[in-house]
Amino acid sequence: MKDIKIPRYPNTKSFWKEDLRLLHSQAYNELTESQKKVLKYLFFCLKWRTNQKTKESICLNNGEVDPSMKTMRKHLHIVSQETLTQAIKKLVSVGFIKITKYGANKITHKYMILLGNACKSDEKRWKQYPKKNWESEVP
């Protein structure tokens, strides 16, 4: 039997929900398995708090998500740096993530996740793909 390497996602209160709109979207269906793993990893980096009055979950760090490439490669069992770089580029171009601050020289990019309850409905760029894309924002 083949030994399967299971990705290690951040321990968080985030919950991954694949609704039909996401599953039927062209943006999601164009992603490779590695790209989907990176998207989920970034999503699970979000930190949440519950509003005691409304019982609504509030995202605390969207736009400030900054895992290192080295950590993501290790936890997701992605061997090639190029595979991870291409995954980030694809996620930006189809509208699942936005780079809020570009990093260089061992300083990580900061990401905003444009999915689920992490952002407002009008910020979910991926719903506009392929009519619109964000290749101009790709690092």
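How are H4 and H5 oriented to each other? In this predicted model, the two helices are roughly perpendicular to each other.

## Packing of H4 against H5

Helix H4 covers residues 69–76 and helix H5 covers residues 81–94. Their axes come within 10 Å and cross at roughly 105 degrees. Angles of 65 to 115 degrees count as roughly perpendicular, and H4 and H5 are therefore described that way.

On the H4 side, the contact is made by Met-69, Met-72 and Arg-73. On the H5 side, the residues they meet are Gln-81, Leu-84, Thr-85 and Ile-88. By class, the residues of this contact are four nonpolar, two polar and one charged.

## Helix H5

H5 has 14 residues, which should span 20 Å at 1.5 Å a residue; its end C-alpha atoms are 20 Å apart, in agreement with that value.

The buried residues of H5 are Leu-84, Ala-87, Ile-88, Lys-90, Leu-91, Val-92, Ser-93 and Val-94. Leu-84 and Ile-88 are also among the residues that meet H4. The cover over the buried part of H5 includes H2, H3, H4, S3 and S4.

## Helix H3

Helix H3 runs over residues 33–44, twelve residues in total. From its first C-alpha to its last it reaches 16 Å, close to the 16 Å expected at 1.5 Å a residue.

Buried positions in H3 are Gln-35, Lys-36, Val-38, Leu-39, Tyr-41, Leu-42, Phe-43 and Phe-44. These are covered by elements including helix H2 (26–29), strand S1 (48–50), H4, H5, strand S3 (97–101) and strand S4 (110–113).

In soluble globular proteins, nonpolar side chains tend to be buried together. Here the largest nonpolar core holds 34 residues, and Val-38, Leu-42 and Phe-96 touch the most other members. Two or more residues of this core come from each of H2, H3, H4, H5, S3 and S4.

Val-38 is one of the buried residues of H3. Leaving aside residues up to four places away in sequence, Val-38 touches Met-72, Leu-76, Ile-78, Leu-84, Ala-87, Ile-88 and Leu-91.

## Ser-14

Ser-14 is placed in the segment before helix H1 (20–23). Is Ser-14 buried or exposed? Its relative accessible area is 10%; the limit for a buried residue is under 20%, so Ser-14 counts as buried.

Apart from residues up to four places away in sequence, Ser-14 touches Phe-43, Phe-44, Leu-46 and Trp-48. Phe-43 and Phe-44 are themselves buried residues of H3. Asn-29 is 15 residues from Ser-14 along the chain, and the C-alpha atoms of the two are separated by 22 Å.

Two lysines have positive phi values. Lys-55, in the loop between S1 and strand S2 (57–59), has phi near 60 degrees, a positive value in a residue other than glycine. Its relative accessibility is 59%, and Lys-55 counts as exposed. Lys-106, in the loop between S3 and S4, has phi near 70 degrees, again positive in a residue other than glycine. Lys-106 is exposed, with a relative accessible area of 89%.

Which residues does a cis peptide bond join? The bond joins Tyr-129 and Pro-130, with omega at about 10 degrees. Pro-130 lies in the segment after S4.

Technical notes:
Residues numbered from 1 in each chain as written. Predicted model: local features only at pLDDT ≥ 70, side-chain atom pairs only at ≥ 80, totals over all residues. Heavy atoms only, no water. Axes fitted to C-alpha atoms, helices over the stretch in contact; angles between N-to-C directions. Helix = DSSP H or I, 4+ residues; strand = E, 2+ residues; numbered from the N terminus. Parallel < 35°, antiparallel > 145°, perpendicular 65-115°, else oblique. Contact = heavy atoms within 4.5 Å. Nonpolar A, V, L, I, M, F, W, Y, C, P; charged D, E, K, R; others polar. Buried < 20%, exposed > 50% of the residue type's maximum accessible area, 1.4 Å probe, protein only. Expected span 1.5 Å × (residues − 1). Core = buried A, V, L, I, M, F, W, Y, C linked by side-chain atoms within 4.5 Å.
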